[in-house]
Amino acid sequence: MGAAAPDQPIPVSDMKDLARYANDIPIIEVVAGDGDGTFEVVWADGERAGFTHLWLRDNCACDTCRHPQTLERVASFLTVPLDIEPLAMTVTDRGALAVSWPGAGDGDEDTAAEPHPSVYDPGWLRTMAARRTKVHEREFPIETWGALGPSEVPSTDHGAAMTTDEGLRDWLTQLTAYGISLLTDGPAVEGEVLNVAERISKNGIRPTAFGTVFEVFSKPHPNNAAYTPVRLMPHIDLPNYTRPPDYQFLYCVANEADGGESTFVDGFKIADVLRTTEPEHFEVLASTLVSFRFQDHEYDIRYRSPMIVLDPDGKVVEVRVNDWIRDTTPDVALADERAFYAAYRSLLEKVEDRRYQLRVKLGAGQMVAFDNRRVLHGRESFDPNTGERFLQGLYVERDFVRSRLRVLDRSAV
Ligand code: OGA
Ligand code: ZN
Ligand code: ZN
């Protein structure tokens with residue numbers, strides 16, 4: 001067993017699932033369906049939930065069905081007939097669900113297959129039932145935002161995030177909810193951006209053609225607008241990649257030059273506004289594949305994607321906007337080109353509208369983290385002759401951020 005942390009309810013039956021179970025309320029009754037392959041479980045607090053026999057058999061957690069060390073499924077699903085019915089279903093005296101399944105057999109009628117016993121933990125079944133009701137919701141809830149001043153930026157103390165589980169959880173929860181969070185009061189030193197990323201995971205950093213840690217300052221031979229002192233319209237980085245980097249961290253080591261204020265725009269907010277007020281523009285941006293491209297003497301990296309990406313439920317899951325690496329490829333039919341440009345213009349007008357912008361001038365020792373596939377970032381121009389402006393950045397995979405939050409949740413009190 002050993003799955004639950006000491007302060008969690010002890011599972012009645014090990015389901016080989018390390019996540020915390022919803023509760024430890026026992027099952028008191030199983031109600032058969034009317035021959036349609038379903039049944040209902042009733043818990044002691046009166047909650048009920050339906051399942052199918054097929055799903056239940058598929059998710060047996062015994063050592064034959066699920067590997068004791070890897071916790072992965074080992075029995076092939078092909079051993080489960082689609083019309084499987086249990087031989088018996090009972091509630092154990094500890095409130096778990098015990099099931100006897102027909103054995104798979106070997107096709108030889110002389111050797112009757114042994115029945116296959118399974119035991120399902122009541123808290124685990126409750127967790128599964130709750131998940132079914134949420135499959136169309138985001139696992140990490142989001143909150144969209146419009147104009148925010150420097151004092152309203154979601155922020156977490158650097159030291160808290162780096163040294164305590166609660167601080168780390170607060171920071172990452174803020175980051176997943178708002179798509180942005182400012183870490184404050186960190187050391188104004190080179191390399192700290194890597195320490196912060198490694199606080200999430202040593203393996204979650206995403207290198208790109210710009211390397212693992214990239215440095216933003218005014219360079220003599222720039223291959224990218226960010227390496228000049230010009231204004232950068234709010235944009236996402238690397239929309240020309242099949243999968244643009246998920247989270248971006250920008251650590252401010254020095255920011256003494258005049259100008260260089262950072263701007264951020266919640267792309268999900270803008271998409272919501274477009275969807276409500278200009279549905280025809282929203283539709284065009286969600287359905288037109290647009291080419292993005294980066295080229296220098298070493299690389300030519302291109303990808304086509306809608307600027308507003310929807311999941312099968314119609315939820316906005318990604319916004320790809322970057323005006324200067326939009327490619328020249330004529331992506332739409334002649335007759336549709338003007339409609340595309342009209343929709344795109346309207347999107348950009350919102351990106352540039354201060355009603356949707358969070359503005360903050362990063363101070364030395366501050367690090368901004370944001371969801372590069374949701375939140376657009378930009379900066380005002382700066383004058384490199386008036387002082388140093390030096391940021392170090394890197395990209396972190398979303399899967400590692402979410403994983404860290406899930407693992408922290410196992411032991412949260
Ligand atoms: C970038 C970028 C922002 C800044 O490097 O992609 O957008 O504040 N930089 O310099
Ligand atoms: Zn089994
Ligand atoms: Zn950028």
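## Cavities, zinc and a helix

**Exercise 1.** How many residues of the lining of the largest cavity are nonpolar, polar and charged?

*Solution.* The lining divides into five nonpolar, two polar and three charged residues. Here Ala, Val, Leu, Ile, Met, Phe, Trp, Tyr, Cys and Pro count as nonpolar, Asp, Glu, Lys and Arg as charged, and the others, Gly among them, as polar. Now put names to them: Arg57, Asp58, Cys60, Cys65, Arg73, Ala75, Ser76, Phe77, Thr79 and Val80 line this cavity. Its volume is about 60 Å³. Points are joined across faces, edges and corners, and the volume is the space filled by probe spheres set on them.

Before you go on: this is a predicted model, where local features need pLDDT of at least 70, side-chain atom pairs count only at pLDDT 80 or more, and totals for chains, interfaces and linings use all residues. Residues are numbered from 1 along each chain as its sequence is written, chains are lettered from A and ligands numbered from 1 in the order written, and side-chain values use heavy atoms, leaving out hydrogens and water.

**Exercise 2.** Which atoms coordinate the zinc ion (ligand 2), and why is the arrangement called tetrahedral?

*Solution.* First, find the donors (N, O and S atoms within 2.8 Å of the metal, or 3.2 Å for Na, K and Ca; water is not among the atoms, so sites may look incomplete). They are Cys60 (SG), Cys62 (SG), Cys65 (SG) and His116 (NE2), at 2.1 to 2.3 Å. Next, check the angles: the four donor atoms subtend 102 to 115 degrees around the zinc ion, so the arrangement is tetrahedral. For four donors, that label asks for all angles between 85 and 135 degrees. Finally, look at the sequence, where the donor residues are spaced C-x1-C-x2-C-x50-H.

**Exercise 3.** Why does the length of helix α4 agree with its number of residues?

*Solution.* Start by counting: α4 covers residues 165-178, 14 residues. A helix here is a DSSP run (H or I, at least four residues), numbered from the N terminus. The expected span is 1.5 Å times one less than the number of residues. That should come to 20 Å, and the end C-alpha atoms are 20 Å apart, so the two agree.

Key:
Helices (H or I, at least four residues) and strands (E, at least two) are DSSP runs, numbered from the N terminus. Four donors count as tetrahedral if all angles lie between 85 and 135 degrees; four count as square planar and six as octahedral if opposite donors are over 155 degrees apart and all others between 65 and 115; anything else is irregular. On a 1 Å grid over the protein atoms alone, a cavity is a set of points where a 1.4 Å probe fits but cannot get out, and a pocket is an open set with protein on both sides within 12 Å along at least five of seven lines; lining residues have an atom within 4 Å of a point.
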